[in-house]
Amino acid sequence: MSAIARRDFLSHSVSLLVIGFNFRPLSSAALSAQAPLDRVPLPRSSVVAEELDSWLTIAEDGKVTVYTGRIDMGTGVETSFAQLVADELDVPFQAVKMIMGDTGLTPDQGKSTGSSNSSRGAQPLRTAAAEARQILLKLASEQLKTPVDRLAVQDGIVSVPGNPSNKVTYGELIRGRRFETRLRATEPPDGRGPHLEGTARLKTSNFRLVGKSIPRVDVLGKVTGTFPYVHTVRVPGMVHGRVVRPPAIGATLVRVDESSVRNIPGLIRIVSKGNFLGVVTEREEQAIAAARQLKATWTGGSPIPEYTEISRWLRNAKQIKTEITNKGDVDAALTRAAKVLKATYEWPVQNHAMIGPSCAVADVRDGQVTVWSGSQWVQQNRRDLAQFMGVPVESVRLIWVEASGSYGRLGCDDAVADAALLSKAVGKPVRVLWTRQDEQGWEPKSPGMVMDLRAGLETDGRVAAFELEGWSPSHSTGEIGNYLAWRLVGGNPGWDRLSGGTGEHAYEFENSRMTGHYVEELLRAIYLRAPGDIQHNFAIESFIDEMAAEVKTDPLEFRFRYLKDPNTALTLRTAAKTAGWQAHISPRKLEKKSGVAMGRGVCCSSGDRQSACVADIEVNLGTGKVRVLKIVIALTCGRIINPDSARHQVQGALLQGVSRTLLEEVKFDRTHVTNLDWNSYPILRFPDVPEIETVLIDQPEADSTGLGELATIPAPAVIANAVFNATGVRLRKVPFTPDRVKAALMRG
Amino acid sequence: MKISLRVNSRSHIVDVDPRAPLLFVLENDLQLNGPKFGCGMAQCGACTVIVEGKAIRSCVTPVSTVGGKEIVTLEGLGTPDRPHPIQQAFIETQAAQCGYCINGMIMTAKAFLDEHPRPTDKEIREALAGNLCRCGTHLEILSAIRRAAERGWHSPKKARQESQHGRQA
């Protein structure tokens, strides 16, 4: 067991407490797979964006440590960041170690959301690396007495070509000292962290590592049970906490009967504050038993509609803001049109459905708050926690440790607030792990949406007008000031940022209007992958398909008539060619065998990046079950950093989209969420997983882009269009459960 | 109550409530990180360990029911320096995103392949039907298991078959 070297801020040599982790760069503070954590690195004195030293340090042995405020949710970002930095610096991949998310060690880079890690997240790291390389070359030039433009760099060694003995390593040049160099940092007001500018230019070609499928650094640990998750953090003296949930959302805690858990061994304390009620015990199973057994009296609650009434509720809910994008005069065109098509599309409330529930360890003692968390927005969670606990921000340290994939949910890491409250009450470190019922019942959710679409068609089949009007709560209110514990205790400030309620389409119509009504919150909400985009794309791409069928045109050809963006057209052509698309008029209603209809659908998505899908499905006409057999997906990705990792991301996101389309709907009665386990809120299982063929369209001249959301967007529409192709029936309400499909088939 | 456990070929004595779920004893008393809590209801498979050759869900298994039996967890299967062939297959196919479900995938698949060394794709999918993955790593996981099946390893069933035929193992 190696001891921590005390942080020497002049020399910047860092040793972290490492036990059994010599095979991968550590991504966070000292963690052990085998023994409890007993020390964390001291916080750095300065982590401001303008200082090059805040971002990277180089030790005498050439090891490069990179500090980033972004975090890895299991999408391979730790690896791709290391590829990008190693390429800018010209050092070996193995020489780069990432420190991620610890608020005591890393610069504030805002939230790891919006698929922005590869672009906004990586930009400062690349800039710092390029600047460092430039400085090192200048130092080398002095030492080797050779002009910079006559030097070569490889694997962290600067040499003079033709004179092999005249060389020096990065480590020898910098000797663990600080760079003492300032860069220019600007902060776009989007919560995504700073943009950094130096004097060195970033690489645009000649990449050694970028573009290669470097094996991810975390897979070995994950596959052998040695990888540190926030769920495996163990702190000396740590005890266990669980929260008791009210029977209704917004209920008031009236009375707690402490005697009801008198017989629970290991009980340390019952903690109640406002409507927050929790238990702390020595052992984990004792906390679960105590939470289950504790008797409490609650009254009242905030009524909500039943989930079956959600669309009606959305249309009539209090409106906060309406945003309209208008072109031409849709109303006039619709009045003149030979035919008007109308359709309403509905999307339910959905869960992020993390496999590993929200989990945090908090140690609140002597006015200091230290928390281990899988948060996606470490600095905001830190600020929130400070405000919640009534302490200065400087007293709070949030140490990021990888959680299970959260897809947006851990923008609001509820376990952090629960654990901090309980730790403060008992004066010991407390670990809180949400139960499955806690997650399904109480996680901040992806809001529901209803959309009305209309199109005006001329006699020659031309689309004269297109309109979408939608109603939805904001998808981002949960990201600040909304810990569940804060709401229960009272006084949570909340957050009013509006997002996800408006959409765009990829088409050129003479008259077009997109209207988004933001309404008040229904259930506590936070963004789930592709917030607003997946819902809007479902409606738009289904409706485009409805129009194509109306004018008896091949769905692909119909799209090309109106598609303005050449990149979207490229992805469509690529997907169609790969899938062997044959022009036809939908529906075809091909029956493979008695009672099973087969269909093929197409759809595309536009925006910063573009995708297109062709899906082959079959529908059991008796049971209503939709099976997706195969999906071909083509996407533009900018410069691909790690092709294998990119492909896996795409496939994963697409499968998540298939799951949401076929299976997922949060159900609630007038008081609380009612589907609280995996049977009642199912997600896709192995027998139903389709084949996927992925075509990544590399665009080396363009910036890299994240793929975690792009590939999820087209899933619902491509399936809906394929079902129409197979049966002539339009599914306009997600999820496409067998009951819904059967009912639609019977209606004809 | 004192219960003796055999985990990854080592003996332990733990003093716990006999009804305590095996998962929590493995994690909290033995500091093992392989099995994970996902649901506590045997619906997701994240907590899977192998007891006497069978994959079981440790979140619903009282610790007293496995006293004295051979328990294998993910870290007992293989190490970073010497991974088990099935772990090696997962590494080669890069079959992990967040990786939280991977313990369950590997342990379930290992027990399954020990009994069915030459499965069809359909049989693999059925065998893993009780293991959930939210990141959508299913295709890579299937690819890893197929690769592991093709390569094989010395399994109890194979040893039984070969001794029946009088062949050398």
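Start with one pair of residues in chain A: Val160(A) has Asn163(A), in strand E6(A), as its bridge partner. The model shown here is predicted.

Now widen the view to the strands. Strand E5 of chain A covers residues 157-160. E5 pairs with E6(A) in the antiparallel sense, over four bridges. Both belong to an open sheet of three strands in chain A. The order is E4-E5-E6, and the pairing is antiparallel. Which strands form the edges? They are strand E4 (152-154) and strand E6 (163-169) of chain A. Each edge strand pairs on one side only. Neighbouring strands of the sheet are turned against each other by 30 degrees on average, with direction ignored.

Next, find the helix that goes with this sheet. Helix H4 of chain A, residues 123-144, lies across E4, E5 and E6 of chain A. Helix H4 runs at about 130 degrees to E6(A).

Now turn to the place where the two chains touch. Chain A brings 64 residues to the contact, and chain B brings 54. About 4900 Å² is buried between the chains. Carbon and sulfur atoms give 58% of that area.

Charges meet here too. The interface of chain B and chain A has two salt bridges. What is the partner of Asp29(B) in a salt bridge? Arg283(A) is, and the closest N and O atoms are 2.7 Å apart.

Finally, look at the side of chain B that touches chain A. Its residues divide into 29 nonpolar, 17 polar and eight charged. Several helices of chain B each supply at least two of the residues, including H1 (22-29), H4 (102-115) and H6 (138-151).

Definitions and conventions:
Residues numbered from 1 in each chain as written. Chains lettered and ligands numbered in written order. Predicted model: local features only at pLDDT ≥ 70, side-chain atom pairs only at ≥ 80, totals over all residues. Heavy atoms only, no water. Pairing = 2+ DSSP bridges. Axes fitted to C-alpha atoms, helices over the stretch in contact; angles between N-to-C directions. Contact = heavy atoms within 4.5 Å. Buried area = accessible area lost by both parts, 1.4 Å probe. Salt bridge = Lys/Arg side-chain N within 4 Å of Asp/Glu carboxyl O. Nonpolar A, V, L, I, M, F, W, Y, C, P; charged D, E, K, R; others polar.
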